[in-house]
Amino acid sequence: MENPVIELIGLTKLYGSLKAVDNLDLSIGRGEIYGLLGPNGAGKTTTILMMLGLTEPSAGSVTVCGFNATSNPVAVKRKVGYMPDNMGFYDGLNALDNLVYIARLNGIPESKVRDRARELMEMVGLENAMHKKAGTYSRGMKQRLGLAEVLIKQPEVIILDEPTNGIDPGGVKEFLTLIRQLSRQQHITVLLSSHHLNQVQQVCDRVGIFVEGRLLANDHISRLSTEVASRESQVVTVSFGGAPQLSEVHTQALMNTEGVKAVELSGNSIEITGAPGLTPSYVRFFVAHGFDITGVHQKEYNLEDVYQRYFENISTEKETNGKSGNIFQRSFFKGIKN
Amino acid sequence: MENPAIYFKGLFSRVLRTSEPVAAGVHEKTVHYSKPASPFAIIVKKEIGDLVRSWRFIVLLALIALTFLASIYVSLTNIKPGAEPERFLLYLKILTTTDGSLPSFHIFMSFLGAILGIGLGFDAVNSEQQNGTLIRLLAQPIYRDNFLLAKFISPLIVITTLFLSLGLLMIGGGLLITGVMIELVEILRIISFILLTVLYVAFWLSLSIMLSVKFKQATTSALTAIGIWLFFTIFYKIVVNMIVKAFLPDPAFLLQEDILYYNNLILDLLRVSPGQLYADATTVLLMPAVRSLGPLTMEQMAGAIPTPLSFRESVLIVWPQLSGLFAATTVCFALSYYWFMRREIRS
């Protein structure tokens with residue numbers, strides 16, 4: 001990549017014997033929206049803190065906008081707007097004053113600072129609440145105020161740590177659309193970390209799947225999906241009208257088919273795991289044996305599966321959000337069973 | 001969130017005019033087209049604003065003002081003309097005279113000053129970290145030491161103003177009520193007393209800021225600071241007494257020179273406590289008749305003229321105390337700097 005805006009080389013962070021970030025190499029180009037995906041405790045926030053010089057790497061280097069983030073953090077922070085996870089505001093000040101304070105610290109001239117803060121408050125939809133104390137703000141409002149604060153310094157790079165935490169779905173959509181528009185029109189580079197896959201899927205150009213301090217995958221979402229789809233076996237669910245009279249013979253026959261790895265019978269349906277592209281042959285098999293097929297469902301691979309694939313072997317805290325598809329499927333089948 | 005087009009109007013206009021991704025250098029200029037206030041001044045301004053509006057400061061202010069009024073009242077009702085009316089120094093007397101029912105103001109300050117310093121500094125850093133404001137602040141283009149220094153300087157500005165106003169109010173009130181002219185030496189002594197008090201508060205402030213950097217919870221740092229203060233005000237004397245009784249020989253069997261030596265040793269031990277340093281220094285500054293902080297031999301006293309010391313001589317006597325307080329303040333601040341500068345900031 002030519003002139004990457006963010007470049008991490010061999011970045012490592014040790015906490016005692018724990019490797020929070022392990023030899024990470026990553027470059028992000030101008031105007032790109034990059035999604036850093038990973039479960040809690042994967043080292044996403046640590047990586048971000050190192051990019052801003054808020055913590056020192058144990059080894060390796062971070063370069064942001066051409067400045068070394070460890071030795072010259074102030075130059076980096078002039079160009080980077082950072083919205084932390086769990087941020088707080090000065091509760092005693094009203095929201096506008098909070099914003100004005102940050103604007104002043106960024107060297108915005110005194111004559112323009114109030115107007116600009118007001119403009120941004122309108123833009124994030126807080127114009128009616130700008131004279132309220134920041135302590136009375138709800139989580140979603142704080143998030144918006146945080147975005148205003150990031151934008152007021154006119155950053156070249158925006159780093160958002162879990163930006164969609166605590167906002168309702170509608171708000172998330174607006175938020176991400178806004179970020180995408182900004183990035184497209186102003187060539188602002190955006191790095192956002194999240195464990196909410198589907199949200200990241202909507203906006204990111206590239207994603208990196210980050211588990212236990214290592215980047216397991218780093219590519220465009222579409223390419224990641226096809227890669228997984230071709231590598232993985234495909235799951236096909238066939239449903240029947242009435243309880244199928246499937247015996248051992250049939251399952252055995254299916255198992256003997258080239259490419260089939262597993263067959264699982266559950267109530268009115270059967271789940272077959274095998275190589276991709278075998279669906280027509282399953283249907284032909286059942287039709288030939290005289291079963292009434294009411295539905296065939298071939299599972300499509302989306303980022304969620306990609307995500308799950310990488311998370312399967314990791315016994316970290318499971319995120320219910322990331323697994324929602326799975327839960328839905330399970331309950332769906334339960335419904336049929338009863 | 002509304003149409004982002006509103007956002008681009010004006011805000012990014014400079015960047016937009018170049019109509020292509022701006023080079024790093026160009027952007028630099030757009031941000032600094034006029035000379036804004038330094039980040040340090042902005043933080044100090046904001047901190048002072050927060051401080052004077054906080055309940056905590058109002059409570060401390062009320063405490064100090066009450067103490068001040070009470071001790072002045074006691075001293076005013078007990079002042080009697082001395083032997084030498086031309087050397088009376090009324091305003092110093094107002095600050096030091098007492099009938100025993102209440103300690104005089106400068107003795108009061110040796111523990112109120114500590115409370116003031118601890119109260120203003122114990123949550124300086126850790127509460128910001130707990131609230132998640134610290135990480136936001138440090139993600140702005142400011143140096144970390146600016147933040148730490150501002151946390152130290154802003155309360156100092158406020159308490160300097162507070163004590164100067166109290167002192168000037170006392171002088172003004174005294175002039176109005178008694179009509180006695182104030183002498184230059186009194187002004188000098190009172191101002192140096194005020195500066196000394198500020199230095200003493202600064203010590204406790206920097207100690208409590210250091211603890212607030214070290215401990216994650218504001219309550220822990222507050223308790224530790226109060227613990228240190230209690231140790232020095234109450235237990236330290238007891239500990240020194242115990243050590244003295246256990247290790248030093250019985251004075252009944254000693255030569256006078258040895259007694260003198262041991263007495264000085266005990267005093268030096270007691271002076272490890274910052275409260276003792278402050279009490280020593282204020283006593284000398286406010287009472288010109290005090291010639292020495294330690295015991296004097298008859299030989300030293302021989303030939304001494306019983307007149308008050310000049311201001312310069314008093315300052316010379318307390319110079320070690322001043323240096324000690326200043327050094328302790330600096331050490332605490334340096335430690336907090338050392339711990340804060342390279343630590344990881346997370347909310």
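**Reading helices, rings and cores**

Mentor: Let's begin with a helix: the buried residues of α12 in chain B pack against α7, α8 (126–131), α11, α13 (256–270) and α14 (274–286) of that chain. Keep in mind that this is a predicted model.

Trainee: Thanks! Which residues of α12(B) are buried?

Mentor: They are B:Ser221, B:Ala222, B:Ala225, B:Trp229, B:Phe232, B:Tyr236, B:Val240 and B:Val244.

Trainee: And where does helix α12 of chain B bend?

Mentor: Follow the helix, residues 218–247, to B:Phe235, where it bends by about 50°.

Trainee: Let's turn to rings. How many aromatic pairs does the structure hold?

Mentor: Over all chains there are 17. Take B:Phe68 and B:Phe105: their ring centres are 4.9 Å apart and their planes stand at 80°, so this pair is edge-to-face. The angle decides the label, because planes over 60 degrees apart count as edge-to-face.

Trainee: What does the pair of B:Phe68 and B:Phe105 tie together?

Mentor: B:Phe68 belongs to helix α5 (residues 55–78) of chain B and B:Phe105 to helix α7 (residues 105–121) of chain B, so the pair ties together parts that are 37 residues apart in sequence. Both B:Phe68 and B:Phe105 are buried.

Trainee: Is B:Phe231 buried or partly exposed?

Mentor: B:Phe231 has 33% relative accessibility and counts as partly exposed, whereas B:Phe232 is among the buried residues of α12(B).

Trainee: Which rings of chain A are linked into a cluster?

Mentor: Look for A:Phe240, A:Phe285, A:Phe286 and A:Phe291, which ring pairs link together.

Trainee: What sits over the ring of B:Phe340?

Mentor: That is the charged end of B:Arg144, 6.0 Å from the ring centre.

Trainee: How should I read a nonpolar core?

Mentor: In soluble globular proteins, nonpolar side chains tend to be buried together. Here the largest nonpolar core has 116 residues, and those with the most contacts inside it are A:Tyr82, B:Phe163, B:Met170, B:Trp204 and B:Phe340. Helix α11 (residues 184–214) of chain B gives the largest share of this core, 17 residues. Leaving aside residues up to four places away in sequence, B:Phe163 touches B:Ile64, B:Met109, B:Leu116, B:Ile194, B:Thr197, B:Val198 and B:Val201. Another core, of 50 residues, lies apart from the largest one and includes A:Ala95, A:Ile108, A:Leu126 and A:Leu182.

Trainee: Now for single residues. Where does A:Leu54 lie?

Mentor: A:Leu54 is in the loop between α1 (44–51) and β4 (59–64) of chain A. With a relative accessible area of 1%, A:Leu54 is buried; the cut-off for buried is under 20%. Among the residues that A:Leu54 touches are A:Tyr82, B:Ile135, B:Leu138 and B:Arg144.

Trainee: What joins the side chains of A:Ser193 and A:Asp161?

Mentor: A polar contact of 2.7 Å does. A:Ser193 is in strand β8 (residues 189–194) of chain A and, at 0% relative accessibility, counts as buried. Its other contacts include A:Leu36, A:Lys44 and A:Pro163.

Key: Residues numbered from 1 in each chain as written. Chains lettered and ligands numbered in written order. Predicted model: local features only at pLDDT ≥ 70, side-chain atom pairs only at ≥ 80, totals over all residues. Heavy atoms only, no water. Phe/Tyr/Trp six-rings, centres within 6.5 Å; stacked < 30°, edge-to-face > 60°. Helix = DSSP H or I, 4+ residues; strand = E, 2+ residues; numbered from the N terminus. Buried < 20%, exposed > 50% of the residue type's maximum accessible area, 1.4 Å probe, protein only. Lys NZ or Arg CZ within 6 Å of the ring centre and 35° of its normal. Core = buried A, V, L, I, M, F, W, Y, C linked by side-chain atoms within 4.5 Å. Contact = heavy atoms within 4.5 Å. Bend = angle between axes of the 7 residues up to and from the residue. Polar contact = N/O pair within 3.5 Å; in protein donor to acceptor, adjacent residues only side chain to side chain.
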